[in-house]
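Subject: Structure handover

Hello,

Here is the structure for you to look through. Please open it first, then read the notes below it.

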Amino acid sequence: RVVENTAECKALAEYTKCTKTAANATARTTCDQTYKNKDADGNGYPLDCSGWNMTAKSAPGSSVWGDNDARDLNGHGTHVAGVVAARSDDGDGVSGIAQNVRILGVKVISASPTEPVRPTSLNATAGAGAALPSPDEASLKAGKGFGDLVARGLLYAIRSKAQIINMSLGWPADVDSNLLAQLLDLARTQGILVVAAAGNDGTDALIRPCIYTGVICVGSHDPDGALSHFSNHGPGVDVAAPGLGILSLFPTALTPTVFTDRMGYEMKSGTSMASPAVVGVLARLLNAGASAKEAYARLLLGTRPLSPNPRLARSSTSFIQTGAVDLARSLEVQPQPVIMPVAKRAVDVRWNRRDSKVSVNLELENIWTDAEKSTVEFRLLGRSALDAGLSPARVDLGRWSNGESKSLPLTLE
């Protein structure tokens, strides 16, 4: 069930036929003038029958980056899409988590990632009320680095009215993009849910895009409910989902290397596989009538505790924000306040080594129903040999409205 723009698919077929039968350059020019700028859905990307490819350069005469050939040539995107929405009505193969959805393919990487899937190891300011940027390269004025190409893919998804954006990839700070940060903020203000893989380095270091505000960061757990040995963790990881040995769809033109029983399927591991599982749960919640913010709150509140992993010696930072996703529990959750940190990245503080105290402000937001009374308790994890203390340990804040943020001053001493 992929997104297909009928009018542009028809125009693309006619354009392809026209160019193949054109006898000379003049005839090909006529084909270009007749069909090349057809944009029936008005998203700014002509002839995007079914998705867009940001790894290709613009065609001659085109004002937008990329082309309309979003075919999956390495299998990563197909596998991810199958976790979300593989069809169950044919009585064969695997079934995705959500059936009443459509997949819009946006190609931003062309290299085949390694196992576990680790794209992090790849060999006009937007805000509330901001206008949606044009895809026209002359006005976009962005670079062509990896982060910039991902940003263009995000812009395509936003302009195509996606409700949930999955990003089963990640990257370090040195290939980040200012445009991407702006577009992620724009997606959040427009009520689009953005879900991303936490990474497969087994550390508590946040990668991009998980480090950005509003991005739902997903770790991986094993079949027994324990955090996977490769999964990144820490307070910036919101939830975990199955990510070890996941059987899903695979392009029939490619030969699977792990699941060799039949063509069209492959088994992969990584947080790239866990992220689309969360997308499927969110899609089910939206289809049940939840708003984007309610779906996010239900996702967090419906999680179940992770099991301990006896195969790993974990440190005191080996935890995630909530637990393992559970659709049934999320559907049953009663409306209630949900207080979450606004920012995920590390907080910068200034410290004078002659002073025994360090002050920092922690910003929290209530993302669901109003709280008539609210109390926040703080505790330190992984306390060092300095045996630092935290004050205040408890704050009574009274009424806390849905969508309201509060900044709380804390002192380490």
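In what order do the strands of the open sheet of four strands run? The order is β9-β10-β14-β12, and the pairing is antiparallel. Please keep in mind that this is a predicted model.

**The sheet**

The edges of this sheet are β9, residues 339-341, and β12, residues 390-391. Each of these edge strands pairs on one side only. In general, the strands of a sheet pair through backbone hydrogen bonds, either parallel or antiparallel. Here β9 pairs with β10, which covers residues 358-366. That pairing is antiparallel and has three bridges. To find the spot on screen, look for Pro-341, which stands opposite Leu-364 in β10.

**Disulfides**

How many disulfides does the structure hold? There are three. Number the bonded cysteines of the protein chain in sequence order, and the pairing reads 1-4, 2-3, 5-6.

Take Cys-9 and Cys-49 to begin with. A disulfide joins them, with an S to S distance of 1.9 Å. Cys-9 sits in helix α1 (residues 6-21), while Cys-49 sits in the loop between α2 (25-35) and β1 (52-53), so this bond ties together parts that are 40 residues apart in sequence. The torsion about the S-S bond is about 85°, so this disulfide is right-handed. Both Cys-9 and Cys-49 are buried.

Next, Cys-18 and Cys-31. Their sulfur atoms are 1.9 Å apart, and they form a disulfide. Cys-18 belongs to helix α1 and Cys-31 to helix α2, so the pair ties together parts that are 13 residues apart in sequence. The S-S torsion of Cys-18 and Cys-31 is about -80°, so this disulfide is left-handed. Are the two cysteines buried or partly exposed? Cys-31, with a relative accessible area of 1%, is buried.

That leaves Cys-210 and Cys-217. They are joined by a disulfide with an S to S distance of 2.3 Å. Is this disulfide right-handed or left-handed? The torsion about its S-S bond is about 95°, so it is right-handed. Cys-210 has 0% relative accessibility and counts as buried. Cys-217 is buried too, with a relative accessible area of 0%.

**A cavity**

Rolling a probe the size of a water molecule over the atoms shows where empty space is left. The second largest cavity has a volume of about 30 Å³. Which residues line the second largest cavity? They are Tyr-45, Met-54, Trp-65, Pro-135, Glu-137, Leu-140, Arg-152 and Leu-155. By class, the lining has six nonpolar residues, two charged residues and no polar ones.

**Backbone points to check**

Two cis peptide bonds are worth a look.

- The bond from Arg-208 to Pro-209 is cis, with omega near 5°. Pro-209 is in the loop between β4 (193-197) and β5 (215-221).
- The bond from Ser-391 to Pro-392 is cis, with omega near -5°. Pro-392 is in the loop between β12 and β13 (394-396).

Ser-391 also falls within the range of β12 (390-391), an edge strand of the sheet above.

Where does positive phi turn up in a residue other than glycine? Leu-47 is one of the places, with phi near 60°. This residue is in the loop between α2 and β1. At 4% relative accessibility, Leu-47 counts as buried. Cys-49 is found in that loop as well.

Lys-161 is another, with phi near 65°. Its loop lies between α5 and β3 (164-167). At 68% relative accessibility, Lys-161 counts as exposed, because the exposed class means over 50%. So Leu-47 is buried, whereas Lys-161 is exposed.

Best wishes

Conventions:
Residues are numbered from 1 along each chain as its sequence is written. This is a predicted model: local features need pLDDT of at least 70, side-chain atom pairs count only at pLDDT 80 or more; totals for chains, interfaces and linings use all residues. Side-chain values use heavy atoms; hydrogens and water are left out. Two strands pair if DSSP finds at least two bridges between them. Helices (H or I, at least four residues) and strands (E, at least two) are DSSP runs, numbered from the N terminus. A disulfide is a pair of cysteine sulfur atoms within 2.5 Å. Buried means under 20% relative accessible area, exposed over 50%, partly exposed in between (1.4 Å probe, protein chains only). On a 1 Å grid over the protein atoms alone, a cavity is a set of points where a 1.4 Å probe fits but cannot get out, and a pocket is an open set with protein on both sides within 12 Å along at least five of seven lines; lining residues have an atom within 4 Å of a point. Grid points are joined across faces, edges and corners, and a volume is the space filled by probe spheres set on the points. Ala, Val, Leu, Ile, Met, Phe, Trp, Tyr, Cys and Pro count as nonpolar, Asp, Glu, Lys and Arg as charged, and the others, Gly among them, as polar.
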